[in-house]
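Subject: Structure for your files, with notes

Hello,

Here is the structure we spoke about. My notes come after it.

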Amino acid sequence: MIATGLLLPGSHRAAALADDRAVARAALRVEAAWVAAQSRAGLAPDGAAAAAHAAVDRVPLDDAALTELAVASEGGGNPVIPLLAAYRRAVTREYGQPLGAVHASLTSQDVMDTALALVLRDVRAAVLDGLGRTGDALARLVSQHRATVMVGRTLTQHALPTSFGLKAASWLAGVDDAADDVAARAVLPVSFGGAAGTLAATVARCTRPGDSEREALARVDELLGHWAEELGLDLPDGVWHTNRVPVLRVVGSLGETAAALARMANDVLTMSRPEVGELREPAAEGRGVSSAMPQKQNPVLSVLLKRTGLAAPGLTAQVLAGAAAADDERPDGGWHAEWPPLRELAVLAAAASSHAAELAAGLTVREDRMARNLADAGTGVMAERLTAQLAPVLAHGEGPGAKEAVQEAVRAAPQDPDAVARALAARVEAAGPEALPRGVDPADVAGWIRSLLDPRGYLGAAPHLCDRAAARHEERKRS
């Protein structure tokens, strides 16, 4: 079993996809599909496939049986060996006698890697479902708040005005990119190779008297194709017993998912701080409570998303280390080291996609607090715009340039736009009316400068970028 609470809060949302029961059942399905593939290829007797499939449900997989299997796995270093013994007994009962086609010419790594392919297929579906729902909810926020003005922050400090829609658009882009990557890369093919990666036993099994090498190999390809079709998995070009790139592609896409969702959570955590108060997580019975402080409502969904983002690099690195340790024709420990971090990362990524969907769909956006925080940020957030507009004007006059003049004005009156406008107007008027931009009334220079201090007029391409992000998301859904 896999721990689904205590040290991995929230993992219960996805643990059943990859727990011991799921892994064992997947391995049994792999064995049954192999018998069915041999039956289709004329290598197993009539009734073999039906007996093999029926036997899958006859192998005990209750908690006690799984514990017994886990203990027995120590003997051979993997769970396939004791599980295969139980499966053979079940097949014998179903078929009436031992069936030689069970596990014929396979090795335990073929079964284990292919079983993980089935498990990860279910994980992939769950992750994509969660990311899709998250993306849909974020796309709605992007469109709704494309021009909702707030203060942008860089290196933790107030920077320029931005829109909340654009911030959500950056979350959406990360989620959509992660979904594309999971769809393309979080897929393992069937694993074949036999005892030493040569398929020697399979070739021998497929060779008929008088066959040429080409004919025998064609039957091998046919058999492997049947096996892949039975399982609904891809058939790779070659053996990947020690070429662990397929696994690395999976963990890379799951790690990307964890990072994209944690990036969103980081912003929500910051923006939901009481002193910021721009966002609020959706509430639910029993969520966010404190054991000591009854008044608290903690942003637990974001906390768990950040947890997953922090855990993912270490889990990914452990799988990478296992892949790098692969040697000879079958790994001597590196393969075994992949399993726990791969499973934990898969479960956490699937749970995180569910957490993110709930967070995005129920997020409360407090536009009033965004407006207040932007106002509290002061006139300095408009310094860039002021400097750009006044630089050609003040270049004609004497005294400090635009950057120095703006800096002096906003520092002198950080909360008084009218005072900043009056101070800078005096500098502009001293430069002479001929220096003014076309259309500016020489009698109302202060009014012109005051208009430059309106953050709603300095969102740049933010609304357009929001529209593009939302359109891209919709296009992804149609493709």
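This is a predicted model: local features need pLDDT of at least 70, side-chain atom pairs count only at pLDDT 80 or more; totals for chains, interfaces and linings use all residues.

Residues are numbered from 1 along each chain as its sequence is written, and side-chain values use heavy atoms, with hydrogens and water left out. Helices (H or I, at least four residues) and strands (E, at least two) are DSSP runs numbered from the N terminus. Buried means under 20% relative accessible area, exposed over 50%, and partly exposed in between, with a 1.4 Å probe and protein chains only.

Salt bridges

A salt bridge here is a side-chain nitrogen of Lys or Arg within 4 Å of a carboxyl oxygen of Asp or Glu. By that rule there are 26 salt bridges.

One of them joins the side chains of Lys477 and Asp136, at 3.2 Å from N to O. Lys477 sits in helix α17 (residues 462-478) and Asp136 in helix α5, so the pair ties together parts that are 341 residues apart in sequence. Both ends are partly exposed, Lys477 at 46% and Asp136 at 24%.

Glu278 and Arg153 form another, at 3.0 Å from N to O. This pair links distant parts of the chain, 125 residues apart: Glu278 is in the loop between α9 (245-271) and β3 (279-280), and Arg153 is in strand β1. Glu278 is buried, with a relative accessible area of 0%, whereas Arg153 is partly exposed at 29%.

A salt bridge also connects Glu408 and Arg427 (3.3 Å, N to O). Glu408 belongs to helix α14 (residues 402-412) and Arg427 to helix α15 (residues 417-431), 19 residues apart. Salt bridges that share partners also join Asp176, Asp177, Asp180, Arg472 and Arg476 into one network.

Helix α4

The buried residues of α4 are Val80, Pro82, Leu83, Leu84, Ala86, Tyr87, Ala90 and Val91. What covers them includes α1 (20-40), α2 (48-56), α3 (63-76) and α5. Just after α4, Gly96 takes a positive phi of about 95 degrees.

His145

His145 is in the loop between α5 (108-144) and β1 (149-154). At 3% relative accessibility, His145 counts as buried. Its side chain makes a polar contact of 2.9 Å with the side chain of Thr148; a polar contact is a pair of N or O atoms within 3.5 Å, where within protein one must be able to donate a hydrogen and the other to accept it, and residues adjacent in sequence count only if both atoms are side-chain atoms. Leaving aside neighbours within four places in sequence, His145 is in contact (heavy atoms within 4.5 Å) with Ser163, Phe164, Gly165, Val365 and Glu367.

Positive phi

Most residues other than glycine have a negative phi. Leu155 has a positive phi near 50 degrees; this residue lies in the loop between β1 and β2 (157-163) and is exposed at 80%. Leu199 has a positive phi near 60 degrees. Leu199 is in the loop between α6 (164-185) and α7 (200-206) and is buried at 12%.

Cysteines

The structure holds 0 disulfides (pairs of cysteine sulfur atoms within 2.5 Å). Cys206 is buried at 2%, and Cys466 is buried at 1%.

Regards
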